[in-house]
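Reader: I would like to go through the contact between the chains and some of the charged pairs. Please show the model to begin with.

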Amino acid sequence: MNKLIYIKYLWLILLLLVVFGCNDNEFLTEKPKTFYTTDNAFSSSDQVDQVVVGCYSNVRYMYNLVGQNDPWLAFKGSNGTDLMDVPTIRRGNRFNDYGIITPTHTVFTTVYAAFYQLIERANLAIYAADLPQIVWSSQTDKAYVLAQARFFRAFSYRNLGELFGGVPIVKEIVTAPRYDFERATRVQTYQFAIDELEAILVDLPVTSTIKGRLTKGAAQHLLCQLYLDKGLANEADGTDPKAAYQKSVEYGNAVIDGGTYSLMTSRFGTRSTQNPDYYFANTIATQTSDRLYSKAGFPITANVYWDLFQEGNQDFQAGNKEAIWSTQVNYAAYKVEDKESFLPYSRVFGGVFRDPMSAIATGTLEDVGGRGIAQAIPNMYTRDLIYSDKWAADMRNSEAVFRRTFLGNVPANTTYFGKVIPWSILYRDGQAKDAVDAAKTQVYPVSCKIATDKYTGVADGENMSNLFRGEYIFRLSETILLRAEAKMRLNDKVGAALDINLIRNRANCTYLVTAADVSVDLILDERARELVYEETRWNTLLRMGGTVAVDRIKKYSYWDDPRTTLTKNFNLWPIPQTVIDTNKDKPLAQNPGWF
Amino acid sequence: MKKLFKLLCLLFSGHKKMLLVMRNSLFLILITAFQALAGGTYAQTTRLTLDLKNSSVKEVLQKIEQQSEFYFLYNSELIDVQRKVDLSVASEKVDVVLARLFDKENVNVLVRDRHIVLTPAGESATQQQKRISGKVTDQSGVVIPGATIVLKGSTNGTVTDMNGLFSMSNVPENGTLVCSFVGMKSQEIAIGKKTEFTFVLAEATVGVDEVIVIGYGTTTKKEFTGSVTQVKMENSPIANQPSLNALEAMKGSVAGLDVGAINTAGGTPSIQIRGVKSISGNNSPLIVLDGVIFMGSLNQINPNDIASYDILKDATSSAAYGSRSANGVIIITTKKGKLGKPIINFNANSGFQTWQTKPVMQTPEQYIQTVLDRNNTTDMSWMKDQQKANMAAGKVTDWLALSTRTGYVKDYQASISGASEKMSYYLSGAYSDSKGVLIGDDFNRSTILAKINADITSWLQIGLDAAYTNAHFSGVRANLTTAQNMGPYSVPYRDDANQLLEKYPETQSQVNPLWDVIGDTRENLDKRNNFRVNTFALIKFPWVKGLTYRFNYAGNLSKDQTGAFINERSYVAEGNVTDATRYSIAAYKNLLSKANGNINNTTNSSWLIDNILSYKNTFGKHSVDLTAVATRDFSHSEYENVIGSDFTANGNTLLGINGLHKATTQKIDVYVQDRSNIGYFGRLSYSYKEKYYLTSSYRRDGASVFGMDNKWGNFFAGGLAWKISDEGFYTPIKKVVNSLKLKASSGMNGNQGLGPYGTLSPVASGSSGGIRYEFGTPTINYGMNVTALGNPILGWEKTQSSNFGFESAWFNDRLFLDVDMYFTQTTNQLFTRSIPVMTGFSTMQSSMGQVNNTGLETTINSVNFKNKDWTWNSGLTTWINRNKLVHLYGDDLNKDGKEDDDIANSRFIGKPLGAIYGYRQDGIVQTSDTQYMTANGVTAGTPKYVDLDADGKITSLDREILGYTSPNFKINFSNTVSYKNWEFYMMVSGVFGGGPGYYQASNSTAFMAGGTGLFASNSIYIPYWTSTNPSNQYPSATFAGDGRFLGLMSRDFVRIQDINLSYSFNQPWVKNAGIKNMKVFISATNLATFTKWEGGDPEVGVTVRANTPSALSSYNLGVNISF
């Protein structure tokens, strides 16, 4: 019986232990074990820099990964502008049919959100830099990290201002949700970015030994553009834009004449002694030396402009004096794990010869520009019109840079095998309109910016979709064209013509500009020649205000959609409907023309 | 034993204080079990030694039971066991001992192995009335030993022997015999002139005295104040349906319970009780398995082990699980051993599955025409050489047929169960194998369950259930989207003769739907192992009658492994089908750098402890049942993902997934998650005169997932019931409405609706953070960023609910009607809210707002017809549920005196959840609608919308609520007809919107020929608008979506859900073969669907070209034998 009682007590003790033995609140406290939270994430200055690394990564996503979805095809791919349209096979992705473009369109929602996410990262770095536990090795280090973060913020507001007009200015990290954001004016938005950049100029190094990191030149270029933007916004408001344009020229001067940057005028870089060459062959096995273009009598001579777009040549540190700021791409990193470290331009912008030209020039190899799927295609304006009557007079239209010679690569087609296919055949002259459209929107000249004769990684299974080079975000040519525009808007047409001729002279153009020629359209045409596939054309068109965007889109689009559906005179993208709907405590005005 | 102990250590590691107890109880159970299973003529070999003075006979018998494995069956009203005796024996056989204990004249002793039945001995010479005899069996003819037969209104009675036989004397001719047995319905027979009686007892399935399981205890349906529905599985026709998931069988059987469709092999259906209460939190009910909160996956429960379900729907019922019970509770009770001979049961079931709602794809001619019209072209150059050749040769591939097959289900079960008075056991094993209709959709599962309960002493009972489940979901399903996108002339095989797949049937972009599904290009792993142990100890405190303490411990350990290995051959280059070099060894070698794979090991372990103190007693007309519970549980998940890629350096991928460590690049990702809960609970149930019932309870709960200051919640509940039919004034209508109980309850429950760490702001960083950048070198710099905006104020989502209803029996218990009406208010809603993206985040979790649900449930069960050979029973359940969003953010910024809607999230005050908001379509723009076209810049053939504000233009102001995604009326009608040995069962269910615009979904692909983003994709045929043949329903082929077009379609449907026909053998040869029970059956599930929905299954809401399988139809044949 004693034993029995003992057992009973044991149970009771156990019961008490279980019920009262543990501290309830401790038992319920959450302690994440495998990730950090904002409470414990920051302990060293390196981590603040990691936030800035995230900003660089964001920008690369927006500028390189054009083909990921419609928003980036519009933003960086310039789809729907005067430069680019879609082919027959991708009419569903058209971004110039205003019957279906509404403020709910994913292009607006995504692009708008992406820049605010970049601002959030920048704000986080700025917040973290001042945390008491962060120890900086030097004030210079801290100042540089802060300067980069503030640069990204200014960069975002410039983009937002150009595309969407005045937007809410968010200067600090948000720890609790807010629903009462208010739109600043377009001028205020630009001014915030200007003030930020001017404050950090002293903290940015003139040059850096690290490729891809921001330098003073990038801030000055950005200021040159921002003041130009501000001047244009002033004009729209009816205030005097002169001071702004003058500042724009001033910052342009600092970059262009500051001694650090200069246009490249002679061959340089990784392939400075080579010329591009191609095989007229549609399988790798048949790429034998007897099928080289050069052997068939069509050698191609490279030039300095071509050098600018060869892999490894996009950085100032690599001897490229016109590279102000470029994204970084590294094939080795791509192979290991960084699947955003590439440039999908061959795929996104490349033609699809193998569809309409399958009987004459087929395949997905170098001679047809790689494995293009033509997500966005150059309008006739972009490919032909701007060079008409001066074909041979411009390096940017040279065979090395903008290849227009294609040899037949299907042996069965004896007419054109190894011979030049005339454009009348490529464009299917004389056939039904549908057939011509299919041909013209899938077969077009191949730019050296989007394709190459030497693809990286083919041995590893890469299929000539991607380039592994950095992409220019700011190149000196653009600074010059911005300054030219500022001068034009200051009525200094002589200065503007001189600037444009800097570019034309480098391109060995035989046709130069005179002051009388200078106009908005001339600037836009020159940008199309110099910066095609580089510039974010929507920004350019929209920042100019007025009816520039609408007129040019209607004039140059390949398809008739904008000509039949574009009835509004818009010069801003709409504020995304979800932004208006979620910001419930303060109504945000929609941009004119959108509903 | 040592091994077993080690295994247990593993299970309970981190919880060591339990081990000692566990080890002891386990030991005892096993010893008892082994002894019970040992054979031999026990009575002949067992010797007893007893030395008792002035003990009651009862005590002597208990002593014998303690010393030996004998147990006694007797009716204490017939055998005088209170008699005091002195007994002293040394090493005697049991029959000798019993002879000394009982006078042969009074008591018959029957010894069968370890069972000893004591019955009163025959008649005495002085009482010369009437002698009768008889037999008691169950409905299948199996004899029932130990059943009681009593002369009604007297204490005269007897108990059946081991052969189910009884005899009695002193019975008057005008008397009535009452035969009863636990778990069976009592039966009465008037004596009259008869001397031979046969009682055939039916199992108590329907009736008001059912024992129902509620939280931390049981009660009877009669006493209960809340709303509980019980579904018995054992021996019911629905158990014949081929369900591989524990919940599937309940579909349609319970008013207010929605069980979704299963559309993949081994899939788990969605479940929901009484509508959507939470805006975006969890709406699934809590599952309780054998009295303990079940923290595993439903897939781990073998449906054949389930004896019954109890669905707790209202607040008082589920209050016991306050913390997580706002969405109701489903209690699953598994089978137990039953008193009597051991039963060995075999069950085999197999059949095939088909896809009943398979879409009809376009004919080749329609396909070509649609492609051309869609792209507004007549040019055919998009067609590749091989496609052209196929077209010329008229060679057509039906891709949907190629990607599907006739699926099958096989299910084998075996179980052994039995019980003595002191111990019961149930052991089962099952193997299920299923192949879905989509190629690659495979599933198999083995489960083992062992349950042992033992009375160790008169005051201590312990039990142990242990289960193991091993399930395989490995395999890649054929891609339904590409199977429907592929054109009829595309090329499935690069080598027709050897059926070698071509990866790119159209030479580029679109991958063969069977690629990586068949062939040796990809390995796929999905293995899930689960061990679970439930143990309990029940102490009856001897010094207070009715006071017990129960300790539950449940441990659960899942080890899941998923993974994939995609070897170099999977990455074959695009190209013409004639280009075989792509498939050459040389080409593959170059692709080694692309080969990659991962193994993801996930371990989930959890434990739960309940301490339950209960007191149950009756004082005259007052009955009291008190329960106090302290409970806590903890679950821990660990996830390790090992990733390897690039096998160039290794040279091959022969080792497949097991060679991940040979990869050049190797990465690891680790994630750990903990969750804990604490609950304290008290409940009082009180009844007076068995007419008035009251239940009230309080629960205080803490959960780790909430913010620091909001972890605790308090939940009260109370209910009343009145057995009005027992009142004197009720008598006049008792003949029609035999019994009537009114009930009302109200209370509050909680919902966690939030995952662990949901209140924190997590930061992504390092390699696993996914933010990468390089600065001119291959060195990857990892970025860092906050990934979500945390919200530390998140707390309990609370549901206040009220239930009113009645339970009634009509026309001599031929019709049972239960009606329940409920109102629930769920406040502090946890949901993901869209916020202005200017914060850097587009969504965050919030806790605010209120949703109300109102519903009416009726359940009718009837015995329509019954005679010797025929019975026909029907069951009809209907339920209506309406929910309404009452409050959201509480703002009225536009000052219209009404709370503002949240348009961005489609949440509207005063309207149901799941609102579809947008532009109301008004047919298609016709060529004559010139004004509309000019105003909106659209062309003819595009969808036309209603201009609500009549400003001539379609703007965002023209949006309105178009409908709702939720259904709100469901009906299920089941019939069981049996004739002799035949039984036929059929259930028809219907799901309806039940109101304008309800139960709709966007089904734009059923209207649009365009918009796929692919030039030449296939689809179902759409009679699209053309200028010559203008449709007012289908847009033109070129229309590719405008961000407004939804193509709403009703998902209403009526379905023949279940049919089965069974035959039970009871012919003499069956008995002679030693078979106790034998039944064969054929069954079919999802036989036919009547709906207007196009593209696939309405229940799952499958649209054309969605990569979602539909609910399948299955046809099965099965047999069930027990010995």
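Author: This is a predicted model. Chain A and chain B bury about 9000 Å² between them, and 61% of that area is on carbon and sulfur atoms.

Reader: How many residues does each chain bring to the contact?

Author: The model is predicted, and totals for interfaces use all residues. Chain A gives 96 residues to the contact, and chain B gives 109 residues.

Reader: How many salt bridges are there between chain A and chain B?

Author: Over all chains the structure holds 81 salt bridges. One salt bridge between the two chains pairs A:D581 with B:R959, at 3.7 Å from N to O. Between chain A and chain B the count is 10 salt bridges.

Reader: Is A:E337 buried or exposed?

Author: A:E337 forms a salt bridge with B:K667, with the closest N and O atoms 3.0 Å apart. A:E337 lies in the loop between α11 and α12 of chain A and B:K667 in strand β33 of chain B, so the pair joins two chains. The cut-off for buried is under 20% relative accessible area. With a relative accessible area of 11%, A:E337 is buried.

Reader: How many residues apart are B:R274 and B:E857?

Author: The side chains of B:R274 and B:E857 meet in a salt bridge at 2.8 Å, N to O. B:R274 sits in the loop between β17 and β18 of chain B and B:E857 in strand β45, and the pair links parts of the chain that are 583 residues apart.

Definitions and conventions. Residues are numbered from 1 along each chain as its sequence is written. Chains are lettered from A and ligands numbered from 1 in the order in which they are written. This is a predicted model: local features need pLDDT of at least 70, side-chain atom pairs count only at pLDDT 80 or more; totals for chains, interfaces and linings use all residues. Side-chain values use heavy atoms; hydrogens and water are left out. Contact means heavy atoms within 4.5 Å. Buried area is the accessible area (1.4 Å probe) that two parts lose on being put together, summed over both. A salt bridge is a side-chain nitrogen of Lys or Arg within 4 Å of a carboxyl oxygen of Asp or Glu. Helices (H or I, at least four residues) and strands (E, at least two) are DSSP runs, numbered from the N terminus. Buried means under 20% relative accessible area, exposed over 50%, partly exposed in between (1.4 Å probe, protein chains only).
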